[in-house]
Amino acid sequence: MSGQKLVSFEVYYLQGGRWQIHARFGPNDREQAVEEAKQLDTGGFDASCVIREAFDKATNQSEEAVVYYTPTLKSRPPVGQITNASGGKGGSGEPAPEGSVAANAKKDAAKRERAFNRKQKAEAAAAAKKKAPPPRDIPEPTPQADERDAIGEILLKVVLVCLISLIPAGLIAYGSYHSIAWAREQDINISVKAAQFTLIAVFILSFAAFFVPMLRRYVTFGTKKPLIDTIVPVRDIDGLESTVALEEPVPLDDLAAEIPPPPEEPKPKTVVYEADPDLPPEEAQVASELSVTPVHGADGGNPEAMSDELERMELEARRVVGPTMDDYTRFGLTLFFAGAGEALSRKFKIIGKAALDVMVKRVMSLGNTEKLARGFIANIEEYLLEDRYFGMYRHGRSAAYRRIVDPNAPLGLDEALAEWRKPAKQPAAPEEESASDDADKPEKQQTGEKFVAVFFTDIVDSTAKQQKNGDHWMMDVIRAHNEIVREGIKKHGGREIKHTGDGIMATFPAANNAIEASILMQRGFKRFSSVMPDREFEVRVGISAGEPIHESGDIFGTPVNLAARVLSKTDPNQICVSSIVRDLCQGKGFQFKPHGTFELKGFPEAQVIYQVPYTVPDAVPLMPVQAAAEAASVGVRSRPRVAA
């Protein structure tokens, strides 16, 4: 679905707190790059990672993403930190020890990179080379063109120009004479000398105004070289030839070299897609045979045919899904058809805006708005970083490849949806422990990945207020914050991960649970502040969703980082969510208002953040104000109970 891109995989290693580039691999060597990084993990280095770089020749921009990093790292290292620390592309740091895995592999990588650069230079030179135009036949100068006007001919032209100029000058002087005569009849005092001087001046000026331009136009003085020596043919906008006189003579032999070649007909663009090592052999064969050569002057070959094929696939999908479709299934089908669109765009030779418009139309037919559909297609690569999302995308792509070979081939949507709806695997509990013990036991030994909503709270300006109101005030506020948050987490099936000092990080099994708990908490904070104005405080909430890494009771990965970045852009008393949370909660009774588009650290693309409005209904606290003040005076050991 993208344009022509140069893809490479770069392996970096961390040593002494500094990232160094180790090797570079081609677009089809992703697995080799990952294996190389894993070897570095066992070679005495602190860590390693693999960065995928896609350089778009059309826009002269590159996209970078970390596709592998050492499992011992708590989170995915930011791309900017890696490339800047290594001195940019090909940057140099401290050399690897001689004879080490890094040193030996770097020598091989240097050879591959030199060969890669030579190939790129050869392709660029071949593309820039133009066929030299054939020499043009220049007419030989004739004796008539070589000679200037003779003296007699010049005199004749001067006389003619003079006679012609006398006519309008005389008419103007005659009109001036009658004007002066009329003025004197009106008793305007004009002397005879003044009248004569005026008539002479008008005649001379009028004559000069006509004579000089005509003389310069029709008469040429002086002796110069033949005109053919000072004329160069040029090609104007309409493709017709004209002549321009140069100040200095140009030799006849050099005229052909000065003539620009005729414009070449633009050639259709050919897009070569990156080979996908995960494709089965039969699908990889079909993909390799589908080179994309769009029709000249357009982004695509046959978008109508691609749209019709996707529509037929959608009708079959609706028969499988049934008349009703929940939001999670709709999101899965969106990924499925995005993958199918990649394969069909190759078959029907469509790229660029034409392909984008076709896919936006199909995503909208699944019940999404146009704005949401365009944002999803434009940022599809960010979604595919999650394994579960990429699995559904791959099912759709495989179905389209099967249809290209056999129009009656099955979609395989039943298997895809079964895998999509399958819950994440959890480690089996010991047989001697009861189910109730498992529910209450923290997941400190669980590892792996599962889809959750990641939730952060933060007490606004906690440090400044602690300095202003004292440590005892801050401890009272933290206790109240913890009780309100933990009650919301427990009520909506969440799990507290850890306390961050002035906030709590938690996970929820679904995005809507996280939003409902956040609204309940914000209402609780508001009511607590109204009951105890001397302990008033404000809290902001940030939420994202995805499949973080669960290890030793903690979570790591992109969803955690995104939730923390969303929290940093949230204002006091607000609940803000990422675009994926908004997509998952469409149609579930929540309202979403755009909060802004922000450049977030660690994310190459700008992220859209949404605000969740909520109301605080008028309710009488169940605990009297006096009792609440007494509870706060002893450290807020019991939070004032408020109406939910």
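**Note on the predicted structure**

1. The chain folds into 22 helices and 16 strands. The model is a predicted one, and the remarks below should be read with that in mind.

2. Of the 644 residues in the chain, 40% count as buried. As to contacts in the chain with a separation of 6 or more, 69% of them are accounted for by residues 24 or more positions apart.

3. Ser165 belongs to helix α5, which covers residues 151-185. Is this serine buried or exposed? Ser165 has a relative accessibility of 0% and therefore counts as buried, the cut-off being under 20%. A polar atom of the Ser165 side chain lies 2.8 Å from the backbone oxygen of Val161. Leaving aside residues up to four places away in sequence, Ser165 touches Phe207, Phe210, Phe211 and Met214.

4. Ser518 is placed in helix α19, made up of residues 511-531. The relative accessible area of Ser518 is 0%, so this residue is buried. Which backbone oxygen does the side chain of Ser518 reach? It is that of Ala514, at 2.7 Å. When residues up to four places away in sequence are not counted, the residues that Ser518 touches are Phe455, Val541, Ile543 and Ile575.

5. Two further residues deserve attention for their backbone angles. Most residues other than glycine have a negative phi. Asp461, which is not a glycine, has a positive phi, near 50°. Where does Asp461 lie? Its place is the loop between strand β8 (452-459) and helix α17 (462-469).

6. Asn573 likewise is not a glycine, and its phi is positive, at about 65°. This asparagine is located in the loop that runs between helix α20 (558-568) and strand β14 (575-578). Why does Asn573 count as buried? Asn573 is buried because its relative accessible area is 18%, and the cut-off for a buried residue is under 20%.

7. Ser165 is buried, as is Ser518. Asp461 and Asn573 are noted for a positive phi, and each is found in a loop, Asp461 between β8 and α17 and Asn573 between α20 and β14.

Technical notes. Residues are numbered from 1 along each chain as its sequence is written. This is a predicted model: local features need pLDDT of at least 70, side-chain atom pairs count only at pLDDT 80 or more; totals for chains, interfaces and linings use all residues. Side-chain values use heavy atoms; hydrogens and water are left out. Helices (H or I, at least four residues) and strands (E, at least two) are DSSP runs, numbered from the N terminus. Buried means under 20% relative accessible area, exposed over 50%, partly exposed in between (1.4 Å probe, protein chains only). Contact means heavy atoms within 4.5 Å. A polar contact is a pair of N or O atoms within 3.5 Å; within protein, one must be able to donate a hydrogen and the other to accept it, and residues adjacent in sequence count only if both atoms are side-chain atoms.
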